[in-house]
Amino acid sequence: MKAKTKKNIKKVISLLILAVLASMAFIPLYWMVATAFTQPSLTMKFPPDIIPKKPTLQNFSDLFERSIIFRWTLNSFIVAGTVTFAQIFVCAMAGYSLAKKRFPGSKALFSIYIASMMIPTQVTLVPLYILISKMGMIDTYQALILPAIAAPFGVFLMRQFMVSIPTEIIEAARIDGAGEFRTFIEIIVPISKPAMAVLGIFTFMGQWNSFLWPLIVTNTIQMRTLQAGLSLLQEQVPMQYSYLMASATYSAIPMIIVFLAFQKYFLKGITVGAIK
């Protein structure tokens with residue numbers, strides 16, 4: 001009984017610690033949403049209201065009066081969606097090749113490719129911009145999409161998952177007469193859905209939140225993505241915090257929807273490659 005009691009006490013303490021940490025992580029999100037519904041004249045009130053008094057939708061109304069917001073949102077969906085699907089497909093094929101194919105230099109190639117993850121993104125901005133400029137892609141969707149398709153992290157994630165797939169399944173498909181592409185599409189892809197979902201969530205969120213590259217590679221206001229475009233609003237209305245929090249809340253909604261939609265796959269995929 002004493003051992004059971006000690007175990008229950010430890011469990012309760014662990015749950016309390018996790019609850020406190022979860023609350024601390026939730027506070028910034030709640031404060032952003034609460035400020036978005038707060039009247040502009042009350043945002044600087046001290047002490048602040050934990051629950052907004054007389055919540056208003058005026059901040060969102062003012063935001064949506066700028067029709068360019070919807071163009072920025074469309075651009076973000078086009079870029080994030082295209083990069084996500086392309087990266088899943090490319091990284092899945094690369095991961096399958098590196099996990100299940102044996103060819104000279106495969107291990108060295110994988111090591112070099114993964115080592116590129118240690119190179120800071122800022123280091124590659126200038127040469128990448130020069131390359132995109134010489135190809136005539138500045139201020140186009142191609143400039144926003146193509147550099148992000150091949151991702152070392154995505155290849156690493158897919159390769160680690162596919163290593164755990166039994167080779168006997170692939171050999172059985174070959175005996176049945178399936179070719180390489182059919183084996184990949186009908187056997188490997190269905191098995192790899194959890195890892196692909198995790199990669200899709202990370203990729204979509206990363207591209208949706210991408211700020212520096214879209215800001216550099218786009219010149220016209222029509223080609224800005226949502227995050228790069230919202231930075232212009234911050235310059236125009238620097239002290240209207242409720243308005244800025246409304247724009248931040250609006251930009252966070254798609255990420256929340258994507259995470260909730262693929263949450264079950266995400267929870268399965270966080271142990272990618274851990275169990276064989």
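Predicted model: local features only at pLDDT ≥ 70, side-chain atom pairs only at ≥ 80, totals over all residues.
How do the residues of the lining of the largest pocket divide into nonpolar, polar and charged?

**Stop 1: the largest pocket**

Begin with the largest pocket, which holds about 990 Å³ of space. Select Thr121, Pro147, Ala148, Ala150 and Gln207, which are the closest to its centre among the 29 residues that line the largest pocket.

**Stop 2: the helices around the largest pocket**

Next, select helix 5, residues 121-134. Helix 5 gives the most to the lining of the largest pocket, namely six residues.

Now colour the lining of the largest pocket by residue type. The opening question is answered here: 19 of the lining residues are nonpolar, 10 are polar and none is charged.

**Stop 3: the second largest pocket**

Proceed to the second largest pocket, where about 290 Å³ of space lies. Select Thr84, Phe85, Ile88, Gly200 and Phe262; of the 13 residues that line the second largest pocket, these are the closest to its centre.

Keep helix 3 and helix 10 in view, for they are the elements that give two or more residues to the lining of the second largest pocket. Helix 10 contributes the largest share of that lining, with six residues.

Finally, colour the lining of the second largest pocket by residue type. Nine of its residues are nonpolar, three are polar and one is charged.

Technical notes. Residues numbered from 1 in each chain as written. Heavy atoms only, no water. 1 Å grid on protein atoms, 1.4 Å probe; cavity = no way out; pocket = protein on both sides within 12 Å on 5 of 7 lines; lining within 4 Å. Points joined across faces, edges and corners; volume = space filled by probe spheres on them. Helix = DSSP H or I, 4+ residues; strand = E, 2+ residues; numbered from the N terminus. Nonpolar A, V, L, I, M, F, W, Y, C, P; charged D, E, K, R; others polar.
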